[in-house]
Amino acid sequence: MTPFYERNGITIYCGEASEVMAEWEAGSIDLTVTSPPYDDLRRYLGYTFDFAAIAGQLWRVTTKGGVAVWVVGDETKDGCETGNSFRQVLNFMSLGFNLHDTMIYDKNGFRYPFPDKYHQVFEFMFILSKGRPGSVNLLQDRPIIYNSHSSPRKREANGEMTRRKSYHNESGYGKRFNIWRYSPGGAKSSKDTVAFDHPAIFPEALARDHILSWSNPGDLVADPMLGSGTVAKMAQQLGRRFVGCDISEEYCKIAVDRLRQPSFFSSPAEVQPQGQKAEQAPLW
Ligand SMILES: C[S@@+](CC[C@H](N)C(=O)[O-])C[C@H]1O[C@@H](n2cnc3c(N)ncnc32)[C@H](O)[C@@H]1O
């Protein structure tokens, strides 16, 4: 298949995900960060989505030790959530993926109020891995609120209380929790106005943080449903190679346009974990 765009290690195809992925080499992808259509929440120009075919290809193309981040939420129909997120993740596990972690994308707001439910403010970020993840660079940007001397105590088998080695480092920052808060929409998730011609982009910082966490520079990152190209753009900025596709030519054009936009981050330091405090602040 001829690429729609190919430059400096970034390749974009315009086509149906399972068909495009069928041409990718088995075991070639280090990290996938992707988000499928959520039930019938948005029509995306009316294209169809074959979960089983895409999931099978995702398993085939993922390298041993590779990770796939599946960002998904459920539609509420007649007052009930569809539960399809859970069906999908169980399906991934039956293919052989490990469910390495179930993370939450806290959207810091809600779209629709339901009279009989609490406001729905999150989506899942399922971290799937083929075997144990090979690249793990956990972000350490959570300001520590306890001092390092207050290490937890543990009762030994003989009944004595001992202090455990502190798990806090001296930097004042600790490992993140697995609930990540980003505000979607407007200038909060991207400064590229063209991105918002797509109905459902996720924040650049979300893509950035997963790429930093689960891959290394030079790795091959994929997004087979790339939409406005958020993952492609962040992979480019973080020195990863990228391959992806979208079924819509209109969205592929937006993605290519974004690759040419100036960086969301004004300096390289801003892609370091410490630069993320403002976006993450209220959670810890
Ligand atoms: C939730 S959006 C992805 C948004 C993206 N993460 C972003 O930040 O812009 C899902 C995308 O999947 C695409 N899509 C739907 N079915 C597809 C298929 N069978 N093959 C490839 N792309 C598909 C849609 O066109 C849509 O752009």
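Predicted model: local features only at pLDDT ≥ 70, side-chain atom pairs only at ≥ 80, totals over all residues.

Trainee: How many of the 11 residues of helix α5 are buried?
Mentor: Helix α5 spans residues 204-214. It is largely enclosed by the rest of the structure because the number of buried residues in it is 10.

Trainee: What percentage of the 284 residues in the protein is buried?
Mentor: The protein has 8 helices and 15 strands. Over its 284 residues, the buried share is 36%.

Trainee: Which strand holds Leu128, and is that residue buried or exposed?
Mentor: The strand in question covers residues 122-129 and is β8. A residue counts as buried if 20 or more other C-beta atoms lie within 10 Å of its own. Leu128 has 25 such atoms within 10 Å, so Leu128 is buried.

Trainee: How many of the 8 residues of β8 are buried?
Mentor: Strand β8 is largely enclosed by the rest of the structure. The reason is its count of buried residues, which is 6.

Trainee: In which sense do β4 and β8 run, and what is the bridge partner of Trp70 in β8?
Mentor: Strand β4, residues 62-72, is joined to β8 by 6 bridges, and the two run antiparallel. Within β8, Trp70 has as its bridge partner Phe126.

Trainee: What distance separates the C-alpha atoms of Leu128 and Val67?
Mentor: Leaving aside neighbours within four places in sequence, Leu128 is in contact with Val67, among others including Ala68, Trp70, Phe92 and Phe97. Leu128 and Val67 are 61 residues apart along the chain, yet their C-alpha atoms are separated by 5.6 Å.

Trainee: Of contacts between residues at least 6 apart in sequence, what percentage joins residues at least 24 apart?
Mentor: The pair Leu128 and Val67 is 61 residues apart along the chain. Across the protein, the share of such contacts that join residues at least 24 apart is 71%.

Trainee: How many nonpolar residues are in the shell around the ligand?
Mentor: The ligand is surrounded by 21 residues, the closest being Ala17, Met225, Gly227, Ser228 and Thr230. By class, the shell has 6 polar and 2 charged residues, and the nonpolar residues number 13.

Definitions and conventions
Residues numbered from 1 in each chain as written. Buried ≥ 20, exposed ≤ 12 C-beta atoms within 10 Å, placed from the backbone. Helix = DSSP H or I, 4+ residues; strand = E, 2+ residues; numbered from the N terminus. Contact = placed C-beta atoms within 7 Å. Near = placed C-beta within 6 Å. Nonpolar A, V, L, I, M, F, W, Y, C, P; charged D, E, K, R; others polar. Pairing = 2+ DSSP bridges.
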